[in-house]
Amino acid sequence: MTDPILSVRDLEIAYRTGRKEKVTAVSGVDLDLYQGQSLALVGESGCGKTTLGLGLLRLLPKLGEITSGSLRYRLKDGTHADLLTMGKEPLRRFRWNEAAMVFQGAMNAFNPVARIVDHFADTLRDHADGKRWTKRAVEARAGELLETVRLDPDRVLPSFPHELSGGMKQRALIALAIALDPQVLVLDEPTTALDLLTQRQIVQQLHELRQRFGFTMVFITHDLGLAAELADRVATMYAGRVVETGSARDIFKGPKHPYTAGLINAVMPVAGDRPALESIPGYPPSLKAMPGGCAFHPRCAFATAECKLDPVALDVLAERPQGMTHAAACLHHERVGLARPARSPESGKETSDV
Amino acid sequence: MSDPILKLSGLEQVFDTKRGKVPAVGGVDLEVGPGKVLCLVGESGCGKTTTARAAAGLTRPTGGTVAFRGKDTAAMSAAERQEFRRAVQYIHQDPYAALNPTRTVYSTLTAGLRRHRKVSSKAESRDKAAELLRLVDLTPPESYLDSYPHQLSGGQRQRVNVARSLAMTPEVLICDESTSMLDVSIRVSLLNTLGRLRDELDVGFLFITHDLAVAKYFAWEGEIAVMYLGKVVEHGPTPQVIGDPQHPYTKALIGAVCEPDPDLARANRAVDELREADIPSLTDLPSGCTFHPRCPLYEPGLCDGRFPPLQPLHGRRLACHVVARDQGRTGGRGVPARRDGGGQVASWSG
């Protein structure tokens, strides 16, 4: 398939902070996502990754607003639609049928006074058109969905959210998101706040679900390990912009933006020796006082006077098909690299003889 | 090892709840020495925090003792207890909730100093506060002293929390998931700062985390104790526990970590080996070894009878019937580790 399922052009999202004041949380985002791909949006808190994720479904809170750009989806029937000009009713039909979201914090995403089965009933009745959902039909469909994430429907359906563990809630939430077989699934921090073994289980199930249903996945995470595990493509965000994008291999083996390299260098490995790690100095900028030029320059070891002048655009470093092109927004990308050697793929051991 | 500052012996904590007795911690023996790091790792509900709170004197254990410089804290005089409270400081998980929002950084840092009359003038207390901020790399201190917590980022707030605990010149810092709410890069720099404090001020650490990578990074020269359902199941020098885990639970935890390498990540599939994904409830503990319903090495008759003792094995303390038996058979050759690791510490007795 040649045309992307989701095409984002020059997207800008702002939050109102006062009567006439706004801060721009996301700007200049271009993105082409193809059928079956999984894209990780990575970055530190406040970099705009959640805002972008919510924007992709037009689910921004009241104070947020998409101020410019376009957001084109290819729908299930093969036609295209721009989400930004969509009316209220088509938008309701679009959500969950075409694209669904798994919100951050599985602990709090369910209504605490409604049983799990009622969440399925609400969703199916509200978003699935032209079909009557009887109680029995809801239970049958919900049971089937829960089984795909290896939950026992008899145990889970009549339960209230507080009667389930965090991992069970997160799995139920994923089952709910795929209830109407969406083409695109946006997951916000799907494993944060879960225990290690539960995290691993969720990761495995997401792999299985993707293989089985073939949906396209965008997931938001600050955990680079998770990105390496689940993503085909990675987009690093800093101060509301995508500063590097490419295939997971390109990004993890040879990052070309100092911020991406800094994030990867700061990850503590469990395998192998214990390297001394360097953090990225300083803190991310406030949206209200964004540095001029490249927003990363105050924290960047490579910064020169040139970096302070103009915003730096993404520069294509390696052409690849299907949106996998490796691009970085850095004037000094040829000097950027990893502090530690990459491991060889075969053995899973470090290539240097430690 | 030099004399421990803090020593937990047979520590037990049973909570009385409506649903019955919850044995959150069931007999833990651990020590923290000056300038040493002991890391407690495990999943939620395994008793890490309960152990830490008892060690800090915040709760009274229902069994066992917490000894400070060799003296049982339960039998201390008021003066001794005050000294214990000064010397053992606690850093909480949530840097947002741990600071009083109506106090400036200066006021927070010097509250203890003023209370204990350790400073005599305003100028002196400001100098002292600035010195504390420099210790935790918040420089220049002048730009932070008069800030309120809401004006600081999470990482900066956690540094203020560390500075506040340092005001009392502690001998042991108990850090309860103190870095888990911070971004990756901020986390590394805070851990580097804590490591420097350990080396320069000879502060001992009881460091609690669910993140094995953090445990490995911070406690590389120290020890790791892995807890499961209120008991320590494996305890030894960090390079050995992480590089060559012996307990099946430790192995499962290490195998579950996502590494930032797409090739390596795809090769890991350890949880498949666990027989049961969910952790049992503390109110209904399995018989024998509490890990047996999930354990890939489970052998009926051997594992479900009694809890395995935590005994010296493979240069560490280990509680596993199967590994202990195989050790006896093969004369000390362990199950091969799944991952390579730098196990430099040659011998260690529990």
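Predicted model: local features only at pLDDT ≥ 70, side-chain atom pairs only at ≥ 80, totals over all residues.

Colleague: Which residue does R9(A) form a salt bridge with?

Modeller: The partner of R9(A) is D32(A), and their closest N and O atoms are 2.8 Å apart. A salt bridge here is a side-chain nitrogen of Lys or Arg within 4 Å of a carboxyl oxygen of Asp or Glu. The pair links distant parts of the chain, since R9(A) sits in strand 1 (residues 6–16) of chain A and D32(A) in strand 2 of chain A, 23 residues apart. Helices (H or I, at least four residues) and strands (E, at least two) are DSSP runs, numbered from the N terminus.

Colleague: Why would such side chains pair at all?

Modeller: Side chains of opposite charge can pair when their charged atoms come close. By this rule the count comes to 31 salt bridges over all chains.

Colleague: What about K135(A) and E139(A), how far apart are their closest N and O atoms?

Modeller: In that salt bridge the closest N and O atoms are 4.0 Å apart. K135(A) and E139(A) are separated by about one helical turn, because they are four residues apart in helix 4 (residues 135–148) of chain A. K135(A) counts as exposed at 63% relative accessibility, whereas E139(A) is partly exposed at 36%.

Colleague: And over in chain B, which helix holds E83(B) and R86(B)?

Modeller: They lie in helix 2 (residues 78–87) of chain B, three residues apart and therefore separated by about one helical turn. E83(B) is partly exposed, with a relative accessible area of 28%, while R86(B) counts as buried at 14%. Salt bridges that share partners join R69(B), E83(B), R86(B) and E171(B) into one network.

Colleague: Changing topic: how is chain A divided?

Modeller: Chain A has domain 1 (6–231) and domain 2 (241–335), with bounds that come from an automatic or database domain assignment. The C-alpha centres of the two domains lie 27 Å apart. Their contact, meaning heavy atoms within 4.5 Å, takes 16 residues from domain 1 and 15 residues from domain 2 of chain A.

Colleague: How many salt bridges cross between those domains?

Modeller: The rule finds one salt bridge across that interface. R299(A) forms a salt bridge with E44(A), where the closest N and O atoms are 3.2 Å apart. On the side of domain 1 of chain A that touches domain 2 of chain A, strand 2 of chain A gives the most, with seven residues.

Colleague: Now the two chains together: how much area do chain B and chain A bury between them?

Modeller: They bury about 4400 Å², 58% of it on carbon and sulfur atoms; buried area is the accessible area (1.4 Å probe) that two parts lose on being put together, summed over both. In chain B, Y217(B), C258(B) and P260(B) lose the most area to chain A, together 14% of what that side buries. The contact involves 52 residues of chain B and 46 residues of chain A.

Colleague: Which residues make the salt bridge there?

Modeller: K253(A) pairs with D261(B), and the closest N and O atoms are 3.2 Å apart. Across the interface of chain B and chain A the rule finds one salt bridge.

Colleague: Last one, where is V316(A)?

Modeller: V316(A) lies in strand 11 (residues 315–318) of chain A, and at 45% relative accessibility V316(A) counts as partly exposed. Not counting residues up to four places away in sequence, V316(A) touches T325(A), H326(A) and A327(A).

Notes. Residues numbered from 1 in each chain as written. Chains lettered and ligands numbered in written order. Heavy atoms only, no water. Buried < 20%, exposed > 50% of the residue type's maximum accessible area, 1.4 Å probe, protein only.
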